[in-house]
Structure formats: C-alpha cells, structure tokens
Amino acid sequence: MNLSDSERPGASREPVLNYRNITKRYGDFQALHGVSMDVFEGEVVCLIGPSGSGKSTLLRCTNALESLHSGEILLNGVALPKEERAMRAVRQRMGMVFQNFELFPHKIALDNVAIGLTTVRGMGVAQAREKAARMLDKVGLSDKLQSYPANLSGGQQQRVAIARALAMEPEVMLFDEPTSALDPETVGARGRRHDHGGCDPRNGLRAQSG
Ligand SMILES: Nc1ncnc2c1ncn2[C@@H]1O[C@H](COP(=O)(O)OP(=O)(O)OP(=O)(O)O)[C@@H](O)[C@H]1O
Ligand SMILES: [Mg+2]
C-alpha cells in the first residue's frame with residue numbers, strides 16, 4: 001500500500017519522528033546511507049529489507065543506543081540530545097522491543113514487565129505487578145506470570161518483551177522484528193510499508209525517494 005503524504009494519518013501536523021539524511025558507519029563500513037523519513041502520529045511504519053541492511057541499526061540510532069555519523073533525528077521537532085543524561089529522559093518516551101528480547105533471565109515474566117514501571121515510572125510494586133499481569137494477559141500469557149525466561153518458548157519470551165514495552169505507554173514504539181518468533185495467528189499486522197527491499201545488504205540501508 002502506498003499513501004501520498006496528504007493521506008497519511010496525522011500528516012497535517014509535524015512528524016513525531018523526522019529523520020534527516022542520517023548516515024551511520026562502523027569503521028569503514030557504512031550501514032546507513034542518508035536515510036530521510038517522516039513518521040506521523042498514529043502511523044505504523046514498517047522497514048523491510050534483507051538481513052544486514054540496517055533495520056536494527058536505524059532503530060538503535062532512533063533511541064541513541066548508537067551515535068550517528070551525520071544527519072539528525074528529531075522527536076516532535078526537537079533534535080535528539082547528544083548528552084547521555086538528557087538522552088536517557090528521551091529514551092523513556094520511546095519503547096523498544098529488541099530483536100533478541102533482552103529479558104532479565106533472573107526475573108519471572110511478571111517482574112520483567114513490572115520492573116520498568118517501578119524503577120523508571122516510580123510506580124509502587126503492587127500496582128506495577130497488577131498492571132504487568134494485565135499486559136501479560138493481553139498477549140496471552142496469563143498462565144506464565146511466574147515463569148522465568150529460560151522456561152518460556154521463544155514466542156512467549158517475545159510476547160513478554162512486547163508486554164514490557166507496551167506497559168510503559170511510550171509516545172513512540174520501536175519494534176525490531178517483533179513477530180519473528182510468533183505464529184501467524186498471534187500476529188495482527190497492519191500499517192504502511194516502507195520498502196527498502198531492493199537494497200543490497202552489503203551496502204546497507206539507503207533512503208528511497210518518491
Ligand atoms: N557494532 C557493529 N560493528 C560493526 N558492524 C556492525 C555493528 N552492528 C551492525 N553492524 C553491521 O551493520 C549492518 C547492519 O546491521 P543491522 O543489525 O542493522 O541489520 P538488520 O537489517 O537489522 O539485519 P537482520 O535482518 O539480520 O536483523 C550489518 O552489516 C552488520 O554486520
Ligand atoms: Mg535486525
């Protein structure tokens with residue numbers, strides 16, 4: 001599906017995320033080649049490309065887990081801060097489901113979801129656990145609240161990671177292959193397609209015009 005800018009949800013307003021010609025290098029290797037893109041409120045934008053084409057890199061740059069080589073990313077019209085302390089505050093407004101889930105192995109599913117609510121949002125433990133249980137129920141894991149990640153299937157671990165990100169109610173949600181371990185029945189995907197599929201993974205992700 002291709003929508004013109006005027007048809008895109010929220011397009012009359014400033015984009016929530018505005019990528020301006022961003023490049024990313026790892027030494028001599030260029031992973032991102034001048035990516036420019038807008039994401040408007042209410043939009044679901046999918047990046048599609050071969051393995052190694054830079055999808056995860058773009059997401060990691062979005063919440064400044066990676067620094068840019070050049071270009072800039074604006075969140076609600078404001079450039080992402082370079083200073084780590086300021087960036088930590090910005091990161092709290094963005095949720096991320098990592099490609100490899102990044103669950104705490106020593107915490108049960110319930111506490112993997114609750115921990116961000118208590119430590120970052122300052123919620124009481126009982127209230128955080130109650131919300132965590134509701135979020136885990138939403139992803140079909142109400143019978144696994146007490147399970148450790150090692151005792152969950154890959155898809156169940158992924159659903160814990162999704163529940164954890166959603167529980168924080170962020171302004172922007174970054175999903176890195178969030179359904180890779182899920183079966184099609186569990187997945188309800190929709191949204192606008194940002195197709196970078198024609199690029200060569202050896203050359204990294206390139207912005208497409210038009
Ligand atoms: N820390 C790093 N140091 C050096 N090269 C890196 C580093 N992280 C990623 N790369 C390289 O950057 C390129 C883009 O990696 P990235 O993880 O963004 O790909 P991807 O599109 O998410 O792939 P996949 O679909 O396999 O998850 C790859 O060639 C990868 O080897
Ligand atoms: Mg990836």
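How do strand 1 and strand 2 pair, and over how many bridges? Strand 1 (residues 17-26) and strand 2 (residues 29-39) run antiparallel, with seven bridges. This is a predicted model, so local features need pLDDT of at least 70 and side-chain atom pairs pLDDT 80 or more, while totals for chains, interfaces and linings use all residues. Side-chain values use heavy atoms, without hydrogens and water, residues are numbered from 1 along each chain as its sequence is written, and chains are lettered from A and ligands numbered from 1 in the order written.

**Strands**
- Strands are DSSP runs of E, at least two residues, and helices are runs of H or I, at least four, numbered from the N terminus; two strands pair if DSSP finds at least two bridges.
- Strand 1 also pairs with strand 4 (residues 70-75), antiparallel over five bridges.
- Asn18 bridges to Asp38 in strand 2 and to Leu74 in strand 4.

**Magnesium ion (ligand 2)**
- Ser56 (OG) and Gln99 (OE1) are its protein donors, 2.0 to 2.2 Å away; donors are N, O and S atoms within 2.8 Å of the metal (3.2 Å for Na, K and Ca), and with water not among the atoms, sites may look incomplete.
- Ser56 sits in helix 1 (residues 55-62) and Gln99 in the loop between strand 6 (94-97) and helix 3 (109-119), 43 residues apart.

**Ligand 1**
- Oxygen atoms of ligand 1 lie 2.6 Å from a side-chain N or O atom of Ser51 and 2.8 Å from one of Ser56.
- Helix 1 gives the largest share of the shell, four residues.

Technical notes:
A polar contact is a pair of N or O atoms within 3.5 Å; within protein, one must be able to donate a hydrogen and the other to accept it, and residues adjacent in sequence count only if both atoms are side-chain atoms.
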